[in-house]
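Subject: The model, and what turned up in it

Hi there,

Here is the structure I promised to pass on. Have a look at it first, and then read on for my notes.

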Amino acid sequence: MWNDARTTNLIANTLAVLAVVAMLAAGVAWVAHRPYFTLSAIELEAAPDTDLRYVSPEAVRAVIARRFQGNFFTVDLDQAREVFESVPWVRRASIRRIWPDTLRVRIEEQQPLALWNENQMINTWGEAFTANTGELDDDSTLPQFSGPEGSEGLVVQRYAELARWFAPLDLHVRELDLSPRYAWKATLSNDMVLDLGRDPGADAPDPHGLPGALPFAARIQRFVQAWPAVTSRLEGRSVTQADLRYPNGFALALAPLPEGHSKSKSPSTSSKKR
């Protein structure tokens, strides 16, 4: 083989090319690690059509300090994205390099919809997240949601349905609770508490469901449609609780009569409407 000039030249040329490639790679690596390419700026920008209300440069610096490694060439963008997404109020982050020493970070901020259980919030995508509620706007009033872990999306869906049904009555949901047995309870803006019963449309099956139980929306629709007629018969008395779990109607608990009010004109403190 070594007597074949063509083969010998091919091997020599190949080794020469490999040597040049290795030298170039070493040169690029050496240049890439020079201090000229140390990251000197990180630019934050909001996702399109949004503003950054809760994420500040100070908050970002506090989280990424000592967790950010590499320069313009060597920084791992996937790892960097994970670091930025660990900043409170950041839902998503995307990063790109800007020559020669800058990273531009586009941030999709959390949009809080409600408080969730003890110390979390739910965003408008139905996801739970943790952030300082003290950073909310002073005039921000969020409803309180509670439920089993993993039920966030279902709770948001039911909240949206309730909001649509009660909007014509100028009422909104202040609290919404889903029990571990998937039974619902809602508190409205007029302090009325609704017992809605178990949800046959929930993600978890209901082994204890009553025969003939109405779907969630049907119970609400029946109550909302009857509400104007009900209030016209209450003579100004307020309803403290409504039990919608009956197959053919609902029961109301009324607030006590004011002192001195004639009891003969008062309706029953508990009634069932069909």
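Two strands count as paired if DSSP finds at least two bridges between them. Helices (H or I, at least four residues) and strands (E, at least two) are themselves DSSP runs, numbered from the N terminus. With that in hand, S4 and S5 are joined by 4 bridges and run antiparallel.

Before going further, please note that this is a predicted model, in which local features need pLDDT of at least 70 and side-chain atom pairs count only at pLDDT 80 or more, while totals for chains, interfaces and linings use all residues. Residues are numbered from 1 along each chain as its sequence is written, and side-chain values use heavy atoms, with hydrogens and water left out.

**Overall picture**

The chain has 5 helices and 13 strands. Of its 274 residues, 33% are buried; buried means under 20% relative accessible area, exposed over 50% and partly exposed in between, with a 1.4 Å probe and protein chains only. Taking contacts (heavy atoms within 4.5 Å) with a separation of 6 or more, 50% are between residues 24 or more positions apart.

**Strand pairing**

Back to S4 and S5: they form a hairpin with 3 residues between them, and Asn117 in the turn has a positive phi of about 50°. Pro112 stands opposite Asn123 in S5. S4 also pairs with strand S7 (residues 144-146), this time in parallel, through 2 bridges. There, Leu115 has Gln144 as its bridge partner.

Another hairpin is made by S2 and S3, again with 3 residues between the strands. S2 and S3 (residues 102-109) are antiparallel over 8 bridges, and Val90 sits opposite Glu109 in S3.

**The cores**

A nonpolar core here is a set of buried Ala, Val, Leu, Ile, Met, Phe, Trp, Tyr and Cys residues joined through side-chain atoms within 4.5 Å. The largest has 34 residues, and those with the most contacts inside it are Phe145, Leu162, Phe166, Leu176, Leu194, Leu196 and Phe223. Among the elements that each supply at least two residues of this core are strand S4 (112-116), helix H4 (152-166), strand S10 (193-198) and helix H5 (216-232). A second, separate core of 21 residues includes Val63, Ala80, Ile107 and Ala131.

Leaving out residues up to four places away in sequence, Leu194 touches Phe166, Trp184, Lys185, Ala186, Leu188, Phe223, Ala242 and Leu244.

**Aromatic rings**

Rings of Phe, Tyr and Trp (its six-membered ring) pair if their centres lie within 6.5 Å; planes under 30 degrees apart count as stacked, over 60 as edge-to-face and the rest as tilted. There are 9 such pairs in the structure. One of them is Phe223 with Phe250, edge-to-face at 5.0 Å centre to centre and with 70° between the planes. Phe223 lies in helix H5 and Phe250 in strand S12, so this pair ties together parts that are 27 residues apart in sequence. Both Phe223 and Phe250 are buried. Phe166, Phe223, Trp227 and Phe250 form one aromatic cluster.

**Charged side chains**

The structure holds 11 salt bridges, each defined as a side-chain nitrogen of Lys or Arg within 4 Å of a carboxyl oxygen of Asp or Glu. Three of them may interest you:

- Glu127 and Arg91: the closest N and O atoms are 2.8 Å apart. The pair links distant parts of the chain, 36 residues apart, with Glu127 in the loop between S5 and S6 and Arg91 in S2. Glu127 is partly exposed at 27% relative accessible area, whereas Arg91 counts as buried at 12%.
- Arg158 and Glu161: N to O is 3.1 Å. They are 3 residues apart in helix H4, so about one helical turn separates them. Arg158 is buried at 6%, and Glu161 is buried at 14%.
- Arg61 and Glu58: the closest N and O atoms are 3.8 Å apart. Both residues are exposed.

Arg91 comes up again in two ways. Salt bridges that share partners join Arg91, Glu108 and Glu127 into one network. Arg91 also lies over the face of Trp125, at 3.9 Å from the ring centre; the criterion is NZ of Lys or CZ of Arg within 6 Å of the ring centre and within 35 degrees of the ring normal.
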